[in-house]
Amino acid sequence: MSSSIPGPISLPPSPYNLSTYWGRVRQSLDLCDPRTLFTTSSQLSAHVNLISQYKNGIITEMTPELWKAKKVVDATLHPDTGEKVLLPFRMSAFVFSNLVVTVGMLTPNLSTRAILAWQITNQSLNVAINASNANKSTPLSLPQMATSYLLAVSSSCGVALGLNSLVPKLKNVSPSTKLVLGRLVPFAAVVTAGVVNVGVMRGGEILGGIDVYPSLPKYTPSKSAAPSTAMIPTSQTASPGPASSEDLTPTTSLGKSRHCALLAVSQTALSRVLNATPIMVIPPLILISLQKRWKYLQRNPRAVLPVNLGLIFVTSVFALPLALGAFPQRQAVRVQSVEGHIREELKRRGGDVTGVKKVEFNRGI
């Protein structure tokens, strides 16, 4: 993300109002835009250079080209390391990376072997996405990743096989209800494993904390030097100007906070549930209805797969931005709510003088 590019001047977070849910959804649509996957290395370097010029005061106003550069950089680079996220594990590739696996899990009447194979494949993909997009201020060790993977696979396979065995044995339940419950088994397995995966994968962050940064007051230039802010919401205008303190910039780490880490991991786990719910619930229910009422599917069982594929794709396209928009990617909390050593470090660097009231952290995805 653009926050990883050094410079004393904060880039406006978004052309949209991120204090509102729909503003964050629109921002998430930019983050998930698959067109950013086709950005070449030279184009990415040009975008990074453009952002660097703004953050160092060379460019003094936001332009359409600068907003585009921010969009591409946010979708391509990790916010903590500034390195490229591997293409299949970017949010802009999530719909396509996840599509085949989801279709496999939601295929009706799977054998036990197929259930295990698809659940293992899904958790393998989840671990890769988690590892690629997690907060990097507390890096994961290989044993931690292996433990997370094994627990996620065990929980998803256990829930899937357990519920598949339990549902047919339910008493006083109509066949149609059993059919619906059976189709929702993958949802229960995915949600359970997803929460376990995030909790274990990022448990080190909760124990050790994550880096937090000062949320610097916005610099207000003189009228003669004021840049055009027509494209920037008033509440988010971050006009260029000198850093608030020589020793305090938007990329200055004030230390690690366990409080912020717990908040980041909890919100990420909840967003995974919100993301999985429409994708794993809506297509199966629609497919059941179509199989009952659409004679074409009854005469052509092979058509179930492409129909299921289309339902999952359309749902995924809309569900991912809605889930990502539930919580801000770059969170800000009041200074009083974080640990004492962070408040002391902020004071030592002159934060009390420059009027810093909040600190920020990367939630992770």
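Visitor: Leaving aside its neighbours within four places in sequence, which residues is S271 in contact with?
Guide: S271 is in contact with A323, F327 and R363, where contact means heavy atoms within 4.5 Å. This is a predicted model, in which local features need pLDDT of at least 70, side-chain atom pairs count only at pLDDT 80 or more, and totals for chains, interfaces and linings use all residues. Residues are numbered from 1 along each chain as its sequence is written, and side-chain values use heavy atoms, with hydrogens and water left out.
Visitor: Is S271 buried or exposed?
Guide: S271 counts as buried because its relative accessibility is 6%; buried means under 20% relative accessible area, exposed over 50%, and partly exposed in between (1.4 Å probe, protein chains only).
Visitor: And where does S271 lie?
Guide: S271 lies in helix 10, residues 258–293. Helices are DSSP runs of H or I with at least four residues, numbered from the N terminus. The C-alpha atoms of S271 and L322 are separated by 9.4 Å, although the two are 51 residues apart along the chain.
Visitor: Changing topic, which helix gives the most to the nonpolar patch?
Guide: Helix 12, residues 304–324, gives the most, with five residues. F318 lies in helix 12 and counts as exposed, because its relative accessibility is 57%.
Visitor: Lastly, where is N122 found?
Guide: N122 is found in helix 5, residues 112–133. At 3% relative accessibility, N122 counts as buried. Leaving aside neighbours within four places in sequence, N122 is in contact with N98, V101, M105 and V190.

Methods:
Helix = DSSP H or I, 4+ residues; strand = E, 2+ residues; numbered from the N terminus.
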